[in-house]
Amino acid sequence: MSLQASINKMFKQTLSVSLILCASMYTFSATAENAKPVSPAQPVVIEPEVIVTEHKARINDQKISYQAIAGETILEDSKGLPLASIYSISYLRDDVKDISQRPVTFVFNGGPGSASLWLHMGLFGPKRVVVPGDATDDGAARYTMVENEYSMLDESDLVFIDPVGTGFSRALGENKGEDFWGVTEDAKSIAEFVRRWLIEHGRWNSPKYLAGESYGTTRAAALVDELQGGWTDISINGVMLISSILDFSHARYQPGNNQPYIGFLPTMAATAFYHDKVSAADKAMGLEAFIEASRQFAIKDYALALLQGNRLDTNTYNATRQQLARFTGLTENYLDRVNLRVSASRYSKQLLRGEDLTVGRLDSRYTGIDYDSGGERTDADPSAYGIDGAYTAAIHDYVYKDLGVKMTRPFNVLSYEVNSGWNWNVSGKKMHFVNVAPMLGRAQRENKDLRILVANGYFDFATPFFATENTFADNGIDNDRVSMHYYAAGHMMYVEPDSLAQLAKDIRQFYHPKAK
């Protein structure tokens, strides 16, 4: 079926298509900037922008020819009226003999409110931007873009999705962005996009994977539940959770909730180790052994001490405080003042206060300088402003130059409007902490082939690895079908060269399940 015929079938309406061939690029239709009423009795006709380009690349020592499709998918209601425009970029390998055997991976980032540029330009896509791997700032342009030898395009076709309110995606007509901003609302709209994509490209029987980062892992779990629920079942072969957060009780500091103090402690230990705030004897243990010792303390003595609260006897309190100082690199005096409870935000300011430095949230290897060193919180995250200039420039340069996108409306890298407007209520019940992990457990019980890959950064204060381990120890998840991996970097572990190479290797292996 031709691309025009596929689009016609997808939207069930006749689109005005103008096909212009220029070198290896051809573009059709106009943007969906304006909706044109056909008549009061007929649905609104939307003409989406879709641009197709042909490319070649060398990936994983293979010469690969592929097609890039950058464009809008118009979601419609039951009456055929437009709801939203979801922008995506798909990469389809050309030299595939049996397309039904070819996996397709749907990729998205998190926020909520982030476009998919981070995984696109840092790990999965055919091009990637290079940032300093030693946790130093990316500075200003000109940034380096290279052919991504670690791209997954040799293993799978790739579809990068920007949810409503991110990238070029938006609500249409009288619909509002808030209609799509929520745990459930978001999962439903992305599930509909996936369904439409599979129909358009004839890939219903292909192996299907989801890859999400940060809140994108929350989305992945909710999306699996949406796709596999009911009789119109889109079963998923694998889910890749990069810097995972599924149970938000592990990340929400509030009185009476001790989970974060336990889950974040091993990340504090890794950070103290990296910045040489541990003893010589502990340094000699090596990073992983020191982290393991902190795990055991966190889940046993420390957890028990927090649970006892003011029932803790003096000797046990003092012993706990001493060990907490050992693993955090903070003074016992400070730990006394915070009642043995150090939040991640306080820690980022406190660890290197004596050197007038802060440590990063996304990646605690990074250090920053605040306006003053006496405050309670950091001014900004040095590991965020340490990479965002390069990634923002890269995605804009790439979509306009390499892909020939003509879109003129702003590209939202990370929308605070989406983030602040997010609906965290699930199933109509008000919940203090969202927990989508049981959805993965259920999905595994109802799909014997569903496997999960989890990628963790040791220096990640946004989604700490021990909190993830605690989540996977519960919630009905079959850990025999979970592969857990660790990297000596942070939230975006792929910014560090060795971690990037190992992560790419781990993901490639994930595409090849053991024989049944």
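This is a predicted model: local features need pLDDT of at least 70, side-chain atom pairs count only at pLDDT 80 or more; totals for chains, interfaces and linings use all residues.
Residues are numbered from 1 along each chain as its sequence is written, and side-chain values use heavy atoms, with hydrogens and water left out.

Two rings of Phe, Tyr or Trp (its six-membered ring) pair if their centres lie within 6.5 Å; planes under 30 degrees apart count as stacked, over 60 as edge-to-face and the rest as tilted. The structure holds 24 aromatic pairs. In one of them, F106 and W197, the ring centres are 5.5 Å apart and the planes meet at 85°, so this pair is edge-to-face. F106 sits in strand β8 and W197 in helix α3 (residues 183–201), so the pair ties together parts that are 91 residues apart in sequence. (Helices, H or I with at least four residues, and strands, E with at least two, are DSSP runs numbered from the N terminus.) F106 is buried at 1% relative accessibility, and W197 is buried at 3%. Back to F168, then: its ring and that of Y400 have centres 6.5 Å apart and planes at 70°, so the pair is edge-to-face. F168 lies in the loop between β11 (157–162) and β12 (170–171), and Y400 in helix α11 (residues 388–402), so parts 232 residues apart in sequence are tied together. Y400 is partly exposed, with a relative accessible area of 32%.

Rings can also gather in a group: Y253, Y261, F264, Y347 and F461 form one aromatic cluster. Charges join in too, where NZ of Lys or CZ of Arg is within 6 Å of the ring centre and within 35 degrees of the ring normal. R252 lies over the face of W424, 5.8 Å from the ring centre, and the charged end of R451 sits over the ring of F510, 4.4 Å from its centre.

Next up is helix α5 (residues 259–274). Its 16 residues should span 22 Å at 1.5 Å a residue, and its end C-alpha atoms are 24 Å apart, which agrees (the expected span is 1.5 Å times one less than the number of residues). There is a kink of about 35° at L265, shortly before the proline P266; the bend is the angle between axes fitted to the seven residues ending there and the seven starting there. Of the 16 residues in α5, 14 are buried, so the helix is largely enclosed by the rest of the structure. After α5 comes D276, with a positive phi near 60°.

That brings us to the backbone. Most residues other than glycine have a negative phi, and most peptide bonds are trans. N339 has a positive phi of about 60° although it is not a glycine; N339 lies in the loop between α9 (332–337) and α10 (344–350). N475, with phi near 70°, is found in the loop between α14 (465–472) and β18 (482–487). N339 is partly exposed at 43% relative accessibility, whereas N475 is buried at 15%. As for peptide bonds, a cis one joins G111 and P112, with omega about -5°, and another cis bond joins A141 and R142, with omega about 25°.

Technical notes:
Buried means under 20% relative accessible area, exposed over 50%, partly exposed in between (1.4 Å probe, protein chains only).
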